[in-house]
Amino acid sequence: MASMPSLKSREIKIVHNMPISKTLPFWEGLKQGKVLATKCKKCETLYFPPSADCPNCLSSDMEWIELSDEAEIETFTHVVIRPTSFQQYKPYTVAIGRLKEGVKVLAWLTGFKLSQIKVGMKVKLTAKITPEGNPTYAFTPFEEK
Ligand SMILES: [Zn+2]
């Protein structure tokens with residue numbers, strides 16, 4: 001089993017169980033608007049954040065697949081007290097969304113008023129580029145702006 005993402009994390013660590021040299025397809029995917037996960041070719045377990053090896057069957061024969069963009073919010077938290085490294089941002093909301101593939105994604109939830117956010121609502125998983133130019137991803141409303 002992959003470890004569960006935790007809202008207790010002070011920052012969202014996008015890729016944490018993969019050597020940096022192997023994460024390049026992930027970043028390239030984000031730049032192209034795709035959020036990629038890895039799938040074990042042997043036992044077909046899906047990993048997000050991507051994993052270089054399969055803890056389930058110990059295979060290293062992994063392939064990259066594009067995740068669907070529809071997620072359902074399982075839990076969320078509104079962060080008013082920000083970690084030092086996030087002081088330049090306004091209060092923000094992070095959420096865990098479950099994709100139809102079954103993986104859970106921890107990401108920022110943007111584009112909603114706090115009063116609109118509900119457990120069980122459908123949101124879009126969107127690859128984006130931060131104002132600093134870093135590829136990332138977030139949950140956003142489905143309607144186009
Ligand atoms: Zn496996």
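**View 1. Glu44 in the loop between strand 1 and strand 2.** The model is predicted: local features need pLDDT of at least 70, side-chain atom pairs count only at pLDDT 80 or more, and totals for chains, interfaces and linings use all residues. Residues are numbered from 1 along each chain as its sequence is written. Glu44 is not a glycine, yet its phi is positive, at about 65 degrees. Most residues other than glycine have a negative phi, and most peptide bonds are trans. Strand 1 and strand 2 form a hairpin with 5 residues between them, and Glu44 is in the turn. Strands here are DSSP runs of E with at least two residues, helices are runs of H or I with at least four, and both are numbered from the N terminus.

**View 2. The loop between strand 2 and strand 3, with Pro49 and Leu58.** The peptide bond from Phe48 to Pro49 is cis, and its omega is near -5 degrees. Leu58 has a positive phi of about 65 degrees, although Leu58 is not a glycine. With 10 other C-beta atoms within 10 Å, Leu58 is exposed.

**View 3. Strand 1 (residues 36-40) and its paired strands.** All 5 of the 5 residues of strand 1 are buried, so the strand is largely enclosed by the rest of the structure. In a regular strand the side chains alternate between the two faces of the sheet. Here both faces are covered: Leu36, Thr38 and Cys40 are buried on one side, and Ala37 and Lys39 are buried on the other. Two strands count as paired if DSSP finds at least two bridges between them. Strand 1 runs antiparallel to strand 3 (residues 62-66), and 5 bridges join the two. Trp64 in strand 3 is the bridge partner of Thr38. Strand 1 is also antiparallel to strand 2 (residues 46-47), over 2 bridges. In that pairing, Lys39 has Leu46 as its bridge partner.

**View 4. Helix 1 (residues 24-31) and its buried residues.** Phe26, Gly29 and Leu30 are buried in this helix. An α-helix has 3.6 residues a turn, so residues three or four places apart point the same way. On the other side of helix 1, Leu24 and Lys31 are exposed. The buried residues of helix 1 pack against strand 1, strand 7 (122-129) and strand 8 (135-140). Gly33 follows the helix and has a positive phi, near 85 degrees.

**View 5. Tyr92 in strand 5 (residues 92-99).** Tyr92 is partly exposed, with 15 other C-beta atoms within 10 Å. Leaving aside neighbours within four places in sequence, Tyr92 is in contact with Val79 and Trp108; contact means that the C-beta atoms of two residues, placed from the backbone, lie within 7 Å. Thr77 is 15 residues from Tyr92 along the chain, and the C-alpha atoms of the two are separated by 8.5 Å.

Note on methods:
A residue is buried if 20 or more other C-beta atoms lie within 10 Å of its own, exposed if 12 or fewer, and partly exposed in between; C-beta atoms are placed from the backbone.
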